[in-house]
Amino acid sequence: MKKIEEIQLPEELRYSPDHEWVRPEGDLARVGLTDYAQDQLGDIVYVELPAVGIHIAQGAVFATVESVKSVSECFMPLAGEIAAVNGPLSDDPVLLNQSPYGDGWMVMVKPDDPAAVSQLLTAEAYLARLKGGV
Amino acid sequence: MGELLKTVLHDEHVSLGAAMVYFGGWHMPLQYRTGIVEEHLATRKGAGLFDVSHMGRFIVRGSGALAFLQHVLSNNAAALDAGFAQYTMIPNDHGGALDDAYLYRFTPDEYLLVVNAANREADCRHLFDMLAIFPEAQMEDVSESMAMISLQGPSSRAILQELIGSGGLPEPIKNAIRSASIRGKKVLISRTGYTGEPLGFEFFFAAADAPWLWDLFLEKGAIPVGLGARDTLRLEAGLPLFGHELGKDPAGQEIPIFACPLARFAVSLSPLKGNFVGRGALSVQFAALKKLQDEDYSSSEDLPRRIVPFALCGKGIARAGFRVFKGSEEIGFVTSGTMVPYWKTAGTGLSTRFTGEREMRAIGMMLVDSRIRRDDPVEIEIRGNRVDAVAVPYHLRSDAPPYAMPILQRPAEDREKSLSGAWQEKTFDLLEKAIQNTLWRQTECINLIPSEQTVSPMVRRLTMMDPAFRYAEHRSLRSYYDAEIFYYQGTDFIDRVEVLLKEEMTRYLSCREVEVRVMSGQMANAVVFSGLVDYLNRGDRKTEPRRIRSVLNNHIIRGGHLSAQPMGALYNFVRFDPQTEKPAVVNFPVLQENLYKIDVEATCRIIDESRPELIIFGKSMVLHREPVREIRDFLREQKIEAVILYDMAHVLGLVGPYFQEPFAEGADLVTGSTHKTFFGTQRGIVAGNWREEEKQYALWESVENRTFPGSVSNHHLGTLLGLLMAAYEMNCFRDAYQQAIIRNAKAFARALRDAGLQVAGDPAISFTETHQVIVKVEYARAVEAARRLEESNIICNYQAAPDEEGFTAAGALRLGVQEMTRFGMGPEDFRRLAQYIHDVVAGGRSVREEVTAFRKRFLTMRYCFAEDMFTDLMKKLHRLI
């Protein structure tokens with residue numbers, strides 16, 4: 001497993017305490033799992049994504065990610081409607097391990113409140129929480 | 001829970017970057033840097049290394065050790081020979097498992113019991129409590145002083161072979177164990193494991209040596225594997241995990257031991273075990289299980305649910321605890337389940353290979369209603385959704401060493417379609433292919449399969465004559481002074497043929513009696529075994545006949561043929577030994593320095609101990625004479641009564657002064673097939689040498705009776721006629737032929753060695769005393785070598801050497817000179833052939849064209865009567881076909 005200093009945390013992203021990242025893209029926001037989360041889970045072998053068009057509240061479960069050993073739920077970092085999901089991830093869940101911020105993204109959300117993104121953690125704040133042993 | 005326990009390898013795991021977890025009170029590696037999937041796949045393709053020192057280890061010794069183990073364990077410890085291990089349960093009174101365990105017997109007086117880490121303390125308390133009833137037994141917890149690691153996977157054998165010192169590898173049999181040394185340090189090694197790998201070893205040794213041995217295996221290329229992949233590997237192999245498939249279910253209900261498929265191997269209800277813990281409950285479960293197999297559910301309340309492997313067909317992963325449904329009915333729950341990786345395969349049969357691509361599959365085991373059978377569809381509830389799954393017999397098979405092969409749910413394969421065209425087209429095709437095949441084998445190939453022979457043109461034509469279409473059943477009748485009475489008319493000629501054939505064969509074998517109606521060597525053996533049972537029971541015809549009490553034979557891995565094995569023709573005729581709960585067969589010990597040769601001294605000791613009623617000499621991988629005279633002398637000296645049968649299938653054509661004379665040396669009976677070193681046709685014989693006034697003549701009569709009407713009615717008279725001519729040929733040419741065979745085989749063996757190939761056997765006698773030569777290629781590569789030789793028109797067979805695990809792991813080729821000797825090849829020609837074989841096997845070169853041209857020099861059969869002496873008759877015969 002990676003040491004804390006080996007964890008990749010791109011500066012331009014925002015993070016949730018539940019280990020999701022968010023990248024605003026126009027009206028939408030792209031959501032995925034952080035490098036730290038994928039590393040902790042180990043080999044990801046199954047990803048269950050939500051249906052496009054449904055509305056999910058902040059903090060509600062929007063996806064399930066399974067590794068060989070465990071099942072983990074992913075919590076919505078900001079409320080909104082699912083605009084798109086990363087289809088290839090279902091067939092190739094290992095993308096989530098290989099490229100958590102790239103090809104391993106999970107969903108695109110149309111946020112209810114675009115400004116809510118700014119309330120999420122910065123890379124620095126998220127790292128501080130990791131070091132604090134969350 | 002007390003303080004966190006660490007194995008002696010703890011620091012090794014940390015320095016390898018393992019993610020450490022708590023397991024059963026221990027701080028253990030869950031996975032190393034590459035992760036569970038890589039570790040799993042590396043074990044299946046290379047070798048995985050496991051620290052299993054956290055498991056509990058107890059030594060049991062003392063005069064009461066066996067009685068104690070019989071009482072507290074479910075398996076029959078009395079059946080465990082020194083040098084073997086057995087899977088067992090530690091049952092409770094209700095027929096549930098307190099634990100599952102492995103019992104190892106490295107020496108005659110000491111047992112090692114290995115139990116699960118999480119149960120170590122509880123087991124320890126239970127076993128020490130029980131020990132109070134067995135004052136003559138002692139138990140010592142050696143979990144700390146003795147470490148344990150496991151090396152599993154197809155490369156494990158090569159890694160170990162490179163390091164092993166005195167003692168050598170355990171016998172190539174599952175659960176075989178041996179004390180050996182690695183780089184001078186003493187290590188106990190067993191062929192056991194928890195991965196389903198056909199090649200895998202566990203090591204027991206002084207705890208202080210653990211880091212050294214661990215690093216040594218890593219240095220040789222083993223990949224460290226943590227608890228995560230240990231679990232996926234065992235799940236794929238269908239092996240139970242205590243707390244999931246054994247013990248108590250999540251609702252606190254006892255899982256009956258017989259719910260677990262492996263219980264059949266782990267539980268013995270032998271009377272020798274007396275009233276052991278749980279016996280009553282286990283007997284009830286076993287009775288229910290037997291009924292379930294007949295789809296009789298009248299006792300299903302005694303075994304309402306069973307552990308069944310399943311494959312998930314829909315999306316998702318079924319985890320432990322998920323509910324299982326059949327229609328609307330909830331029938332059980334998942335006990336273990338996850339997604340496991342596997343190597344994809346391509347090709348079919350022996351050409352199956354890993355492609356290098358990997359895939360994942362969701363599999364598991366479930367505890368479900370006993371009515372569920374293989375291939376039954378079920379549904380598993382995954383987060384509120386019902387997902388399709390199917391009950392499967394297994395996920396992985398270990399019977400093609402060196403690899404464990406993944407078994408997937410897949411549609412029935414497409415067989416090659418037969419021609420759908422008109423009859424004319426089909427007929428044309430068949431005729432053409434038969435011609436092509438015959439021309440290829442007879443004029444283009446060098447045929448080296450030691451069990452085959454081409455017959456002479458004369459024999460071939462005779463085989464096609466009218467008797468091929470007739471019946472000639474007959475038996476002797478006492479009323480007519482034992483005259484042979486035929487049931488049909490028109491049989492005078494074939495009657496005469498049979499009489500003449502018996503005369504020729506008794507002359508050939510120097511014996512008094514020959515039965516020629518058996519149609520194969522295998523049938524010849526079956527007739528003898530059946531005859532012996534008949535003979536043993538001749539005093540009492542009113543009760544169930546008893547079987548042969550004990551048999552001594554050649555083990556199949558030492559070259560013994562299946563026709564002399566309990567799984568072959570012995571099946572119905574040998575007793576089950578109540579102690580071992582296996583057929584009462586012991587094997588000839590072999591010389592440590594020459595695994596192809598029987599150790600006479602050790603054999604005498606075994607005969608003295610096991611008192612076999614039947615001793616069977618003879619092998620299908622045979623380089624040496626069998627010590628018939630030595631064993632006969634020993635039996636005579638010791639006044640031990642045993643029937644000596646020499647199955648001469650391979651060497652029937654070598655009977656005589658250049659090989660061996662079975663009856664002169666003391667054999668009672670000889671069986672054989674007539675088409676290997678003998679001149680064909682494809683049949684069998686049984687021969688005996690008792691006089692009518694001898695007591696054992698009754699055995700000969702039983703053999704005849706078990707031939708007809710016991711085994712044959714009509715017995716293929718065309719080949720009988722052909723065989724008579726072949727017997728004329730043999731009796732006329734035997735001296736020259738037999739000498740040529742031995743000369744050629746020795747020259748061939750030397751030439752193969754000189755060409756740079758590794759030839760098995762003793763170089764001091766030019767490796768062989770028979771028609772066979774064994775060439776060692778590379779471990780598990782002989783299948784491919786034999787295929788490449790076939791592409792070069794050299795036909796032989798791949799063969800597992802005596803130290804290899806099975807035919808798919810074969811590393812040797814078996815070559816016979818008999819057929820090509822008959823076509824006139826001499827020592828010089830075999831030297832040339834040796835070079836061709838070397839070029840293909842070692843050089844990777846095709847020599848098809850050279851071999852085809854080479855064969856053209858050897859098209860005329862020798863050691864048979866010249867056709868020009870009988871030109872007119874041969875023409876007439878030919879026209880009659």
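**Exercise 1.** Work out the strand order and the pairing sense of the open sheet in chain B that contains β36.

*Solution.* Step 1: the order is β36-β37-β40-β39 in chain B, and the pairing is antiparallel. Strands here are DSSP runs (E, at least two residues), and helices are runs of H or I of at least four residues, both numbered from the N terminus. Two strands pair if DSSP finds at least two bridges between them. The model is predicted: local features need pLDDT of at least 70, side-chain atom pairs count only at pLDDT 80 or more, and totals for chains, interfaces and linings use all residues. Residues are numbered from 1 along each chain as its sequence is written, and chains are lettered from A and ligands numbered from 1 in the order in which they are written.

Step 1: β36 (758-759) and β39 (797-799) of chain B are the edge strands, each pairing on one side only.

Step 2: β37 (residues 772-776) and β40 (residues 812-816) of chain B pair over 5 bridges in the antiparallel sense. Within this pair, B:I774 is opposite B:R814.

**Exercise 2.** Find which helices lie against β37 and β39 of chain B.

*Solution.* Step 1: helix α18 (residues 717-754) of chain B touches β36 and β37, and its direction makes about 15° with that of β37(B). Contact requires C-beta atoms, placed from the backbone, within 7 Å. Angles run from 0 to 180 degrees between N-to-C directions of lines fitted to C-alpha atoms, for helices over the stretch in contact.

Step 1: helix α19 (residues 782-791) of chain B lies across β39 and β40, at about 165° to β39(B).

**Exercise 3.** Locate the largest nonpolar core.

*Solution.* Step 1: this core (buried Ala, Val, Leu, Ile, Met, Phe, Trp, Tyr and Cys residues joined through C-beta atoms within 7 Å) has 145 residues, and B:L49, B:L69, B:L103 and B:I149 touch the most other members.

Step 1: β6(B) contributes the most, 7 residues.

Step 2: domain 1 (10-53 + 143-236) and domain 2 (304-347 + 358-406) of chain B both give residues to the core, so the core lies between them. The domain bounds come from an automatic or database domain assignment.

Definitions and conventions: Contact = placed C-beta atoms within 7 Å. Buried ≥ 20, exposed ≤ 12 C-beta atoms within 10 Å, placed from the backbone.
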